[in-house]
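This report covers a chain interface and the packing of helices. The sequence and structure come first.

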Number of protein chains: 2
Amino acid sequence: MKRVSSFGNVDLLFEGGIVLSSIREVARLAKVSPATVSRVMNGTAAVAPETRKRVLAAIEETGFIPNEVARSLFKKSAKTIGLIIPSIRNPYFTQLAGIIDELAGKEGYRIFLCNVGGDLEKEKAAIQMLVAMNADGVILASGNQEIQSFLSGCPIPVVALDMMVSAEVVEACVYCDYYQGGRLAMEHLLECGCQNIVCIRGPQKIFSARQRYEGYRDVCRERGIPEQTVDCDYDFLSGLAMTEKLLECYPQVDGIIASNDIVAISIYKILHKKNITVPDRIQLIGFDGIDLSELMSPELTTVCQPIEDMAKTALDVVVRQKENFEKETEYILPVSLAIRETTKRRGREQ
Amino acid sequence: MKRVSSFGNVDLLFEGGIVLSSIREVARLAKVSPATVSRVMNGTAAVAPETRKRVLAAIEETGFIPNEVARSLFKKSAKTIGLIIPSIRNPYFTQLAGIIDELAGKEGYRIFLCNVGGDLEKEKAAIQMLVAMNADGVILASGNQEIQSFLSGCPIPVVALDMMVSAEVVEACVYCDYYQGGRLAMEHLLECGCQNIVCIRGPQKIFSARQRYEGYRDVCRERGIPEQTVDCDYDFLSGLAMTEKLLECYPQVDGIIASNDIVAISIYKILHKKNITVPDRIQLIGFDGIDLSELMSPELTTVCQPIEDMAKTALDVVVRQKENFEKETEYILPVSLAIRETTKRRGREQ
DNA sequence: CCAAAGGATGAAACCCGTTTCATTACTTTA
DNA sequence: TAAAGTAATGAAACGGGTTTCATCCTTTGG
């Protein structure tokens with residue numbers, strides 16, 4: 001019913017489907033050697049037009065698809081790049097993954113997505129697996145600094161995305177000016193008239209979260225404002241829980257800096273549920289600039305990261321690492337403020 | 001700096017990192033044959049305790065990681081299952097992917113996610129690639145019926161998820177009772193007092209969208225209500241555009257059935273922007289029951305699909321297809337109504 | 001007209017983990 | 001004590017595409 005039908009010695013199928021046959025079968029059919037078939041397929045050497053035609057016909061007839069595994073084994077390259085992310089449920093990472101996937105496709109690479117969920121062991125296993133699979137490189141966006149020591153001696157190039165890892169163990173780091181982002185968020189809330197701002201910090205072992213917090217903290221210090229923080233993970237469940245806590249601890253709050261957009265959305269949910277109006281009673285700002293931040297109602301004011309540029313840069317480093325002579329080891333991209341509906345000031349920037 | 005250091009003939013690295021070395025090197029170091037090393041690693045045959053210890057020590061010393069590609073080539077199995085989805089940006093599919101990934105991991109399989117974006121050629125290429133990679137099976141959730149004819153003779157098992165494909169070409173189909181979902185949505189809006197309901201249909205070439213529409217349509221017919229429909233894709237951009245159109249064509253509308261949750265969210269955004277209150281002036285219901293439907297404010301009333309069960313069922317069929325004797329070819333799962341805040345009636349169900 | 005150069009092609013090695021099959025050594029049974 | 005059986009292990013083949021190297025044939029230059 002769905003197995004390949006056998007026809008003589010050659011597996012054939014006539015209904016436009018997929019067939020398994022080997023290069024040797026094709027060769028036999030075309031009355032050439034496997035080497036010649038390989039040359040025709042890859043254009044790696046001149047083949048007489050007459051021969052080429054016969055080979056092409058044989059490929060057509062058998063529906064031959066070259067076995068990628070055999071190719072990978074010899075070439076020591078699977079034309080695959082691993083993308084390690086902490087959560088496939090976080091729209092920020094799926095947006096990133098979507099862009100990287102598309103760009104990689106154009107360069108002839110596949111993306112192997114590894115969802116490690118903040119688990120260090122899973123992350124190590126993912127890297128080992130990618131190495132064992134002859135992947136050509138890794139884009140590491142797990143956010144977990146602890147992986148660093150494990151990376152030394154990794155035989156395939158690794159580029160850290162959204163995290164700061166020593167240039168000793170990775171090809172390069174690509175991240176944003178999170179610190180500036182933290183400052184921007186705080187300064188914006190102040191400009192909007194907030195008197196009582198609380199910063200919901202992401203996990204401090206994550207570089208972006210730490211830097212954002214430090215931006216916020218430094219503005220506080222410069223202006224003599226006491227810090228008010230709550231700790232929170234980068235996911236919505238944590239966001240919901242921490243918002244409850246925040247309202248308990250800081251009932252006077254009139255401005256909230258969320259650890260990222262998805263947390264901002266969950267904060268908004270709680271505020272909405274409690275009939276606390278945004279931005280009238282409390283103003284709210286997020287980080288990341290995911291699609292959803294603009295899709296939610298009201299639209300979320302947020303500090304945008306150039307997701308597309310980050311994806312492009314990271315991929316570029318991995319793909320072109322061999323040919324890079326004077327390579328950068330650090331790409332720091334600028335962030336920008338998107339003033340929308342959860343803060344009061346109508347700004348110049350969109 | 002990051003290359004593996006060479007030590008004698010054996011590649012070594014002392015800092016806990018990753019190393020490339022072959023089974024033959026390990027064998028040489030342990031003074032055994034590669035076969036014995038393989039037997040120690042896989043437990044495929046008895047090895048003398050003394051020998052085993054030497055081999056283990058050699059593996060430890062070299063940091064040897066068996067090459068998955070070589071293993072896949074021989075075994076004709078990559079311990080990998082392909083998951084083909086139309087969009088990695090749609091939370092429904094990432095939620096699905098997350099669950100499948102987790103379950104597959106427990107069974108010793110990797111998931112290779114293929115984002116084909118509704119492009120038939122990309123989808124064909126993805127399937128060919130999976131075959132060429134010695135994948136063990138495919139979970140096909142692209143929604144695109146047209147792929148059907150391409151599937152015949154596919155040498156690896158395919159299970160269709162969220163779509164209806166002939167049992168001739170797939171191992172099984174797993175989907176929900178979308179028709180019932182369509183009815184449920186319509187009946188609920190009627191119960192909530194809507195007089196002027198518009199159905200925003202998903203692409204009619206997609207099975208779920210067609211079935212949902214037919215559920216809606218049949219309720220209309222049974223009650224003598226004239227149909228009012230607008231066509232829309234399954235993404236938020238389309239949702240935004242179509243809502244504008246809807247409001248133009250049907251200014252009297254007081255109930256909207258969205259093609260899915262993400263479209264419902266974008267509908268809400270437009271309504272909110274136009275100061276049309278939900279559910280007072282217009283009531284709104286979605287399909288899918290993604291996390292986000294509950295996270296948005298107000299919480300979205302929606303027809304939930306048992307995403308977890310679907311994932312589990314699909315994976316089970318693929319993994320266990322060889323041992324299935326009397327196999328089902330169709331798994332139809334029930335949907336359920338989650339009455340939340342975008343419709344008026346406070347229902348029994350949560 | 002012969003040598004050198006170039007083009008087309010095939011045989012065989014290669015990538016590396018797995019498995020079969022044969023061999024050796026030793027134990028058990030008759 | 002011989003025959004039969006068993007455990008441990010290695011040599012070699014295998015999987016399938018790629019590449020090197022040698023070979024053969026044709027063309028070009030002297």
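## Interface of chains A and B

Six salt bridges are found by the rule across the interface of chain A and chain B (a side-chain nitrogen of Lys or Arg within 4 Å of a carboxyl oxygen of Asp or Glu). Glu299(B) forms a salt bridge with Lys269(A), with 2.2 Å between the closest N and O atoms.

Contact (heavy atoms within 4.5 Å) links 68 residues of chain A to 67 residues of chain B. About 5700 Å² is buried between chain A and chain B, 62% of it from carbon and sulfur atoms; buried area is the accessible area (1.4 Å probe) lost when two parts are put together, summed over both.

## Basis

This is a predicted model, in which local features need pLDDT of at least 70 and side-chain atom pairs pLDDT 80 or more, while totals for chains, interfaces and linings use all residues. Residues are numbered from 1 along each chain as written, chains are lettered from A in the order written, and side-chain values use heavy atoms, without hydrogens and water.

## Helices 1 and 2 of chain A

Helix 1 (residues 23-30) of chain A and helix 2 (residues 34-42) of chain A have axes that come within 8 Å and cross at roughly 100 degrees. Helices are DSSP runs (H or I, at least four residues) numbered from the N terminus; axes are lines fitted to C-alpha atoms over the stretch in contact, with angles from 0 to 180 degrees between N-to-C directions. The two helices of chain A, helix 1 and helix 2, are therefore roughly perpendicular (65 to 115 degrees).

Ile23(A), Arg24(A), Val26(A) and Ala27(A) of helix 1 of chain A meet Pro34(A), Val37(A), Ser38(A) and Met41(A) of helix 2 of chain A.

How values were computed: Parallel < 35°, antiparallel > 145°, perpendicular 65-115°, else oblique.
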